[in-house]
Amino acid sequence: MKKIRLVIFIGTFLVALFWIPHWPLDDDMNVMFLTLGILALLFPTYLHNAWKPVQSLLDTVMIGAALFAGLMTANLYTPITAAYYSTTWTTLLTFAVFHNGAFFLSRFWNKRDIRPSQKR
C-alpha cells in the first residue's frame, strides 16, 4: 500500500505541476474529476481493517502537500494567481470531507461485519 500512496503522491504532484495551472477557474468538472480519481485509487486500500484511524488524515495531508508543492513549483515557470491556490484549497477541503468520510464509513462497516451477532 505504500507503493500506491507513493504513486498517488507523485501523480498528484505532476497534475498540480503541469495540468492545474492551465485549468479555467470557473470549470468545476476538472476539480471533481481529480477528487473522484484520487478517491477511487485510495478507497480500496481502506477496505482492510488493518489501517490506523489516523491514516486517512495522513493521506489527506499527503495529497494537500503534493497539490501545493506542485503549484509552487509550477509558479517557477508560469505565473500562478492567488485564485488557483484558493481553488486548490477548496478542492482539498472537499476531498478531505469525502475521503475521511469514506474511510470512517468503511471502518464502521468492517467492524460491524466482524462482530458476532448478538441474537438471543
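Q: Is isoleucine 10 buried, partly exposed or exposed, and why?
A: Buried means under 20% relative accessible area, exposed over 50%, and partly exposed in between (1.4 Å probe, protein chains only). Isoleucine 10 has 42% relative accessibility, so this residue counts as partly exposed. Keep in mind that this is a predicted model, where local features need pLDDT of at least 70, side-chain atom pairs count only at pLDDT 80 or more, and totals for chains, interfaces and linings use all residues. Residues are numbered from 1 along each chain as its sequence is written, and side-chain values use heavy atoms, leaving out hydrogens and water.

Q: Where does isoleucine 10 lie?
A: Helices are DSSP runs (H or I, at least four residues), numbered from the N terminus, and strands are E runs of at least two. Isoleucine 10 belongs to helix 1, residues 2-19. The chain has four helices and zero strands.

Q: How much of the chain is buried?
A: Of its 120 residues, 37% count as buried.

Q: Which residues have the most contacts inside the largest nonpolar core?
A: A nonpolar core is a set of buried Ala, Val, Leu, Ile, Met, Phe, Trp, Tyr and Cys residues joined through side-chain atoms within 4.5 Å. Here the largest one has 16 residues, and Ile8, Ile20, Ile38, Ile63, Leu67, Ile80 and Phe95 have the most contacts inside it. Helix 3 gives this core its largest share, five residues.

Q: What is isoleucine 38 in contact with?
A: Contact means heavy atoms within 4.5 Å. Neighbours within four places in sequence aside, isoleucine 38 touches Ile8, Thr12, Ile63 and Phe95.
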